[in-house]
Amino acid sequence: MVLASLSLLLALHARLAQLLRRIREAQCQSEGAHSSALCSTGRLSQQAEAATPLVARLRRVWLTEIKPDFLPEVESDPLLSPPSEEALDRTLSRFVRAEAAAAATADETLRKAAARLRRTAAFRREYAVRDFYRRGMARALFMHATNAGACVYFADYGLRDRKGEVVIVGRTSLMVDDTAEGHKPADEVLPATHLRAALFVIERAAALIRTHGSMILDLSPYPAEAMRGRSRYWDSDGWVDDTAALLEGRVPSPSVGPHLPSHATLATGLPVLKEALRLMVDHYPEMLHRVWFYKPSLVFRAIFNIFRLWVPPKTREKFVLVREGEEHLHFLSRDPSDEQGCAPEELPPELGGTGEPLDGDRFLLRALTRYDED
């Protein structure tokens, strides 16, 4: 009887949440172009986004005033020169939404969105973001034999939510646990190579996301049992220890460049996290609906209260701490009619589902295969 009542309550909760989302979507679509930015945490329809006058105005500014300054390279940029106007408008709408909430007028929104778009185009040229789409680039960036100290712990290995959107998955202990079996100096994070590999993951996800993607970061301890007798996945092609680059303030060797000059002298730890957040907020606005931090420890909660202040309030709202047992309230969707979250059979058991296991760090090797097959 208790189980039946609990099941009924969960079903009613899911139905109510779905109804509230639909009401919010209807409000978003009826409030007009400028106020639609306030609905960015809901699911705004692609058609409504593409139809907003501000997006159309930003498109004209992009095509006539900004893009010509970045020719000819920008013509082959997958995000800024996609094959259809609809795809371009999806990208531009994110820039509009990112500025609209804090702008007093539509003209101010347009001016700020255009300025951010220009900065992003300049960054993408300097950072050679187009190279991220070259075949074999994922392996070159992830493996320590070619990109020393990259320590990539998150990627798109194929998990999708019920809307078909990208869900990036990471396990932070793969990078930060220096007490793990077999840990060696070459497993230490080197900022320049780590940031370039991390931006590769974000960029490739951005190219696939239609409205909003999401990220689940597993903060649980190092998966010692699954990793027993295994070396780190990033050693599959061998490894190079160039931790001396940290002391010498230079880019590691070998590495896959180019790198931003400031990344060569960046300290490890929170400065790397702060720079990663800056790059995402500045150049990939409104890309993620949520970043779920799963199984946070007390230490992480203290750190969380620091780094969440490094991003704008609107972005801050997307960072969510999730305790074990609360998966169904956030990223686990048991109701097939609920469009939020992942189906249990898709989600790995390490994250509360029944799907294929992450298997230590081997889910990252699966991600490599996906990237280099695309």
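Helices (H or I, at least four residues) and strands (E, at least two) are DSSP runs, numbered from the N terminus. The model is predicted: local features need pLDDT of at least 70 and side-chain atom pairs pLDDT 80 or more, while totals for chains, interfaces and linings use all residues. Residues are numbered from 1 along each chain as its sequence is written, and side-chain values use heavy atoms, without hydrogens and water.

The patch consists of Leu270, Val299, Ile303 and Ile306, with about 320 Å² of accessible area together. Ile303 lies in helix α13 and counts as partly exposed because its relative accessibility is 32%; buried means under 20% relative accessible area, exposed over 50%, partly exposed in between (1.4 Å probe, protein chains only).

| Residues of α13 | State |
|---|---|
| Phe300, Phe304, Phe307 | buried |
| Leu298, Val299 | exposed, on the other side |

The buried residues Phe300, Phe304 and Phe307 cover an arc of only 75° around the axis, so they are on the same side of α13. The arc is that of the directions from the helix axis to the C-beta atoms. The buried residues of α13 pack against α12 (270-283), β4 (288-294) and β5 (319-322).

Note on methods: Patch = residues over 30% accessible without salt bridge, like charges linked within 9 Å, V, L, I, M, F, W, Y side chains within 5 Å. Areas by Shrake-Rupley, 256 points an atom, 1.4 Å probe, with all protein chains shown as cover. Salt bridge = Lys/Arg side-chain N within 4 Å of Asp/Glu carboxyl O. Contact = heavy atoms within 4.5 Å.
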